[in-house]
Amino acid sequence: MAVIIDGNKIAQDIRNEVRQSALELKERKGIIPGLAVVLVGEDPASQVYVGRKAKACAEVGFLSREYKLPADTSEEKLLSIIRKLNDDKLIHGILVQLPLPKHISTEKIIAAIDPRKDVDGFHPYNVGGLVTGSPLFVPCTPQGIMELIVRTGIELKGKEAVVVGRSNIVGKPIALLLLAQHATVTICHSRTKDLPAVIRRADILIAAVGKEHMIKADMVKDGVIVIDVGVNRLKNGKLAGDVAFDEVAAKASFITPVPGGVGPMTIAMLMKNTLNAATMKV
Ligand code: NDP
């Protein structure tokens, strides 16, 4: 039976560390890390995420500012808010909650954020930095996955890592981070031939698809390390991952649950990135 990696506990440890560092930064330099979160429209899930980010900021002693804009906000208006935040000395991190309404170009908006305040790590400057190995910021979910791996004491050097999913926010960045730690990385997607055969090679498997319980026990090898990024809402209202947890846990050496695995790490890493942004200014 696998060791279950406790993302709630690790995320809490990180938030405690960030709170302590923020306190020291305030005492030493008089700087309070500030995060601005911009939400356009009324998507219910986005509203929940924005609320959680404000709560996390309060917990670690950051300044947090929310900009809740109507769904018909023009691209130009949003750009002008970002430009102001870029120049705002009290704000160290800017996060634009995605998805944006269709009439606004996500690429244009992300590119307008000062890369030194791009705590989501989505700006092309930081994406390029991730490829070459020197980003200012790494996207929060993949960075959170790496923290889970490191703090669990898992060695990546020489391991076969299989990433299922190739999105810009999870699949591609996590593949690059694993590669940087000397894993041998394979990225799978919806056109991969014989997915089970590829997954069976994995010493470490990252599932980031968004299909409940698609990875079954007969698709993994004994002793596999499983990181399940998927968040799927079941008909009964509960959350489930991409991995059939009970049967895969019986074969794995380590596994993350859903909920309580990768999920809590994302906001913890957002706090860490905002702290780093504030520290960079020193
Ligand atoms: P996307 O929908 O952007 O990407 C899904 C990926 O899965 C695509 O690359 C797609 O391939 C691939 N895929 C789809 N079907 C299959 C299949 N049958 N076999 C193999 N690959 C397949 O999703 P995200 O990366 O944004 O998110 C993935 C999951 O992670 C979701 O459940 C999401 O909710 C969750 N998530 C959780 C977070 C957290 O815990 N904090 C944060 C972000 C995401 P193709 O490219 O060919 O279409």
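Which residues of helix 10 are buried? In this predicted model, the buried residues of helix 10 are Pro-264, Met-265, Ile-267, Ala-268, Met-269, Leu-270, Met-271, Asn-273, Thr-274, Leu-275, Ala-277 and Ala-278. The points below take up this helix, then the open sheet, and then the surroundings of the ligand.

**Helix 10**
- Helix 10 comprises 18 residues, 263–280, and spans 27 Å from its first C-alpha to its last, which is close to the 26 Å expected at 1.5 Å a residue.
- The cover over the buried residues of helix 10 includes helix 1 (7–29), helix 2 (44–60) and helix 6 (140–151), together with strand 2 (34–40) and strand 4 (93–96).

- Six strands, in the order 1-11-8-7-5-6, make up an open sheet whose pairing is parallel.
- Strand 1 (3–4) and strand 6 (184–188) stand at the edges with a single partner strand each, so one side of each has no neighbour in the sheet.
- Strand 5 (residues 160–164) pairs with strand 7 (residues 204–207) in the parallel sense over four bridges, and the bridge partner of Ala-161 in strand 7 is Ile-204.
- Helix 7 (residues 171–180) lies across strand 5, strand 6 and strand 7, and runs at about 170 degrees to strand 5.

**Ligand surroundings**
- The ligand is surrounded by 21 residues, of which the closest are Arg-166, Ser-167, Ser-190, Val-231 and Thr-266.
- A polar side-chain atom of Arg-166 lies 2.7 Å from an oxygen atom of the ligand.
- An N or O atom in the side chain of Thr-266 is 2.7 Å from a nitrogen atom of the ligand, while for Lys-211 a side-chain N or O atom is 3.0 Å from a ligand nitrogen atom.

Technical notes. Residues numbered from 1 in each chain as written. Predicted model: local features only at pLDDT ≥ 70, side-chain atom pairs only at ≥ 80, totals over all residues. Heavy atoms only, no water. Helix = DSSP H or I, 4+ residues; strand = E, 2+ residues; numbered from the N terminus. Expected span 1.5 Å × (residues − 1). Buried < 20%, exposed > 50% of the residue type's maximum accessible area, 1.4 Å probe, protein only. Contact = heavy atoms within 4.5 Å. Pairing = 2+ DSSP bridges. Axes fitted to C-alpha atoms, helices over the stretch in contact; angles between N-to-C directions. Near = heavy atom within 4 Å. Polar contact = N/O pair within 3.5 Å; in protein donor to acceptor, adjacent residues only side chain to side chain.
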